[in-house]
Amino acid sequence: MSALPSTGEGKERRAGRLMMAPAVLVLVAVALYPTLASIWLSFQRLILVFHERRFVGMGNYAFLVRDARFFSALGHTVYFTVVSVTAELVLGLVFALLLHARPPAKNLLRAAILVPWAMPTVVSAKMWALFFLGENGLPFFGISIFDVNWLGTPGYAMHAAIAVDVWKTTPFVALLLLAGLVGIPQSLYDAAALDGASSLRTFFAVTLPVLRRILAVTVLLRALDAFRVFDVVYVLTDGGPANTTETLSVYAYKTMMRGGDFGYGSTLATATFLCVLAMGGLYFLVIDSEEETR
Amino acid sequence: MRRRALQWLAVLAVLGFCVVPLLGQVVTSLLPAQALLGAATPSAWSLDNYRGALQGRPLVRSLVNSIVVAGATTFFCLVLGSMASFALAKLRMRGKRWLLGGALAISMFPPIATVSPLYLLIRELGLRDSLGALVLSYMTFALPLTLFVLTRFFREIPDAIYEAARVDGCTPFQTWWRIGLPLAMPGIASTAILVFISAYNEFLYAITFISSPDKRTVPVAISLFASDRIEPWGEIAAASVIAGIPLVLVTVLFQRRIVTALTQGAVKD
């Protein structure tokens, strides 16, 4: 931006603050305040129906570190995040490379790819539930690998949720990576071709390194999003069977909305929040150290 | 030739991946209940499921609710967001990084971390079980989204145009209204689509803050479909098609805009 010295600069600053104020106020009221309040609630015993509200200090946290259900929910959440993000990244990269290679029916393909992204998660979960019900699902499809009732079988149910998430989010990943691919200058490819590099070698020596930054951003965005997974699991299995698909958000939700325990529920929510914060922080540390070494 | 054939194969695979589950849903919605319950092949198509999905349930009402909530969220986000984004992109002032950084941080908050205080706040305000509660809470994710996308669009407007307006004596506010907004219209339209879709799809707040059936949004209505009877899959499929098709149409129609808006934030900068 040009830095014209101007007498209007003070005015401009004041106007700028005024123009930002409404958005800032709303964000403080509906995002910052609730998050801080949630942390505050996590130190309390708060059960609405009993009109019970008192400060218990670290009491909820003392319970948390001995709560086996919390640790299994944490494990499920990590598993869901790692597996779905990995699958989305691999599939997304394949989709992106295909779209970038000027395939036939490119416009149709790009429109179709947006369909899963636009579907509400709840609708996609219900849609997929039909496929996962085994014999009770879509008998006329006669797909034999679905003979198991995935949603009712521990070990299968979580993968059903992952499948829905992968279906819904791969397009987003593909589009981000495609945008990265489009930005790679043709000259790099020409140079690789001149050196007689095979297409596989070009991919690993040119494409992947240039994509590194956008890959990192994509992984972060997706991981933070997957870590707070709620809709898919809630609609598909409600955390079952036998809590084998219960993620942190679902456990916190049930504790608050069904158990009525807002204190401990907030503790679980805060724990989720801290995990997300740690992931974000770790990411920026890694990115920063990379920038420095360059 | 071989390369082309391989590409076609890949294209068909990806098309199948994206569209087959939806087609399965459409097929299911058109099958009579008996075919779903066991008959190996469907013998006749029928619209019974659509009748069933719409009868005795406020599904149309839910659709209207969803559109009203998503529309209001989009409107407020664009008003607040376009003003703030313009200031962020074009005005000389301190603290800009803080707002964008803060918005980025907020967009990463897990919604579950805000749900209990928001619930208590909404109760205090007397907004429980009202669509207003949803519009208010949807700001938590919709406004940061608006800020990112719109700030980038405003940055693309050359500074020279803005400087010229300033020399002509426009205040920053007038510049936003007379020059920024009209020039950023394509960006505003793209942002609107993005925000609308994300609000239309929201589930956690909607299921927490709404209790009356006639105030439910579409995702909540569909998630609670089964509880009244034993898994009426055909009707669920019909309802899903009714809820999903408008979104699919919007998406296909505006695909270019959506892709630009979606990818802009992550790629540049």
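A residue is termed buried if 20 or more other C-beta atoms lie within 10 Å of its own, exposed if 12 or fewer do, and partly exposed in between, with C-beta atoms placed from the backbone. By this criterion, 42% of the 294 residues of chain A count as buried.

The structure is a predicted model, in which local features need pLDDT of at least 70 and side-chain atom pairs count only at pLDDT 80 or more, while totals for chains, interfaces and linings use all residues. Residues are numbered from 1 along each chain as its sequence is written, and chains are lettered from A in the order in which they are written.

**First stop: chain A**

Select chain A, which has eleven helices and two strands; helices (H or I, at least four residues) and strands (E, at least two) are DSSP runs, numbered from the N terminus. Their order along the sequence is α-β-β-α-α-α-α-α-α-α-α-α-α. Along its principal axes the C-alpha trace of chain A spans about 75 × 75 × 35 Å. Of the contacts in chain A with a separation of 6 or more, 66% involve residues 24 or more positions apart; two residues are in contact if their C-beta atoms, placed from the backbone, lie within 7 Å.

**Second stop: the hairpin**

Next, select residues 44–47 and 52–55 of chain A, the strands β1 and β2, which run antiparallel and are joined by four bridges. Strands are taken to pair if DSSP finds at least two bridges between them. A:I47 stands opposite A:E52 of β2(A). Four residues lie between the two strands of this hairpin, and A:H51 in the turn has a positive phi of about 55°.

Which residues touch the most other members of the largest nonpolar core? They are A:A161 and A:L236, in a core of 155 residues. Such a core is a set of buried Ala, Val, Leu, Ile, Met, Phe, Trp, Tyr and Cys residues joined through C-beta atoms within 7 Å. Its largest share, 16 residues, comes from helix α7 (residues 131–156) of chain B. Centre the view on A:A161; leaving aside neighbours within four places in sequence, its contacts are A:F80, A:V232, A:V233, A:L236, A:T237 and A:T245.

Now select chain B, whose secondary structure comes to 15 helices and zero strands. The C-alpha atoms of chain B fill a box of roughly 75 × 65 × 30 Å along the principal axes. Of its 269 residues, 49% count as buried.

Within helix α7 of chain B, find B:R152. Is B:R152 buried or exposed? B:R152 counts as buried because it has 21 C-beta neighbours inside 10 Å. B:A89 is 63 residues from B:R152 in sequence, yet the two are 7.4 Å apart in space, C-alpha to C-alpha.

Twelve of the 17 residues of α10(B) are buried, so the helix is largely enclosed by the rest of the structure. Among these buried residues are B:G187, B:I188, B:F196 and B:N201.

**Last stop: where the chains meet**

Finally, display both chains: 80 residues of chain A are in contact with 79 residues of chain B. On the chain A side, the largest share, 20 residues, comes from helix α1 (residues 9–41).
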